[in-house]
Amino acid sequence: MKAAFIQNTRRIHQLSVILIASTIMVSCGSSKSASAAKNKSSKTVAKSENLRKLDSKFDGKVSGSIKDILKDAEKYIGTPYKFGGNTSSGFDCSGFTVKVFEENDLKLPRRSSDQAETGKNIDIKEVKPGDLLFFATAGGSRVSHVGIVHDIGSDGEVKFIHASTSKGVIISSLNEKYWNKAYLHAKRVL
């Protein structure tokens with residue numbers, strides 16, 4: 001009887017660990033076709049056919065506090081992906097956004113799905129640097145990835161900085177097929 005109780009307790013513990021690990025793993029998704037950027041600027045990505053129009057009309061100036069957030073985000077370009085990571089030795093997507101905002105005295109929830117519930121919903125046409133973009137990298141409508149709008153090209157191209165699973169912290173574009181398809185919505189938290 002006691003052995004069966006111990007075995008059931010172990011099984012419950014193992015299932016709990018698996019459930020927690022699965023929840024964290026889904027929080028950052030994949031980045032199969034993300035392109036690497038080794039410097040602060042990123043090249044314009046030409047739109048492929050059959051992509052949604054995900055451009056911003058923002059062409060204004062960026063405040064000092066947003067510039068500080070972007071500067072802090074840029075210093076991590078090239079940092080590797082690390083499951084559950086939230087330090088300069090490695091980040092997952094939501095760990096990256098938490099760290100960058102924390103360095104600027106702003107608190108975000110730890111999980112990307114919880115971050116998606118924070119702030120004000122904004123249309124993609126209105127996004128500006130510093131806003132958060134949310135993605136469903138496994139398809140459907142469940143948030144599994146987050147990035148920070150980095151800059152808006154003169155043609156409205158939205159580029160964002162994020163921790164990708166394959167290439168670590170990089171700058172990507174909503175004109176990339178993978179990210180265009182996975183994009184869900186944007187939030188303003190500043």
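What we are looking at is a predicted model, in which local features need pLDDT of at least 70 and side-chain atom pairs count only at pLDDT 80 or more, while totals for chains, interfaces and linings use all residues. Residues are numbered from 1 along each chain as its sequence is written, and side-chain values use heavy atoms, with hydrogens and water left out.

Within that pairing, N121 stands opposite K187 of β8. On to β4, residues 132-135, which is joined by 4 bridges to β8, residues 183-188, the two running antiparallel. Here F134 stands opposite H185, and the bridge partner of F135 in β8 is Y183.

Stepping back, these strands belong to an open sheet of 6 strands in the order β3-β8-β4-β5-β6-β7, with antiparallel pairing. Its edge strands, each pairing on one side only, are β3 (120-122) and β7 (168-173). From one strand to the next the twist averages 35 degrees.

Which helices lie across β5? Helix α2, residues 64-74, lies across β5 (145-152), β6 (158-164) and β7, and runs at about 115 degrees to β5, whereas helix α3, residues 93-102, lies across β4, β5, β6 and β7 at about 55 degrees to β5. For these angles, axes are lines fitted to C-alpha atoms, for helices over the stretch in contact (heavy atoms within 4.5 Å), and the angles run from 0 to 180 degrees between N-to-C directions.

That brings us to the nonpolar cores, each a set of buried Ala, Val, Leu, Ile, Met, Phe, Trp, Tyr and Cys residues joined through side-chain atoms within 4.5 Å, where buried means under 20% relative accessible area with a 1.4 Å probe, protein chains only. The largest has 23 residues, and those touching the most other members are F96, V100, F101, L132, I148, I161 and V169. Two or more residues come from each of α2, α3, β4, β5, β6 and β7, and the largest share, 5 residues, comes from α3. A second, separate core of 16 residues includes V127, L133, L174 and Y183.

Terms used. Pairing = 2+ DSSP bridges. Buried < 20%, exposed > 50% of the residue type's maximum accessible area, 1.4 Å probe, protein only.
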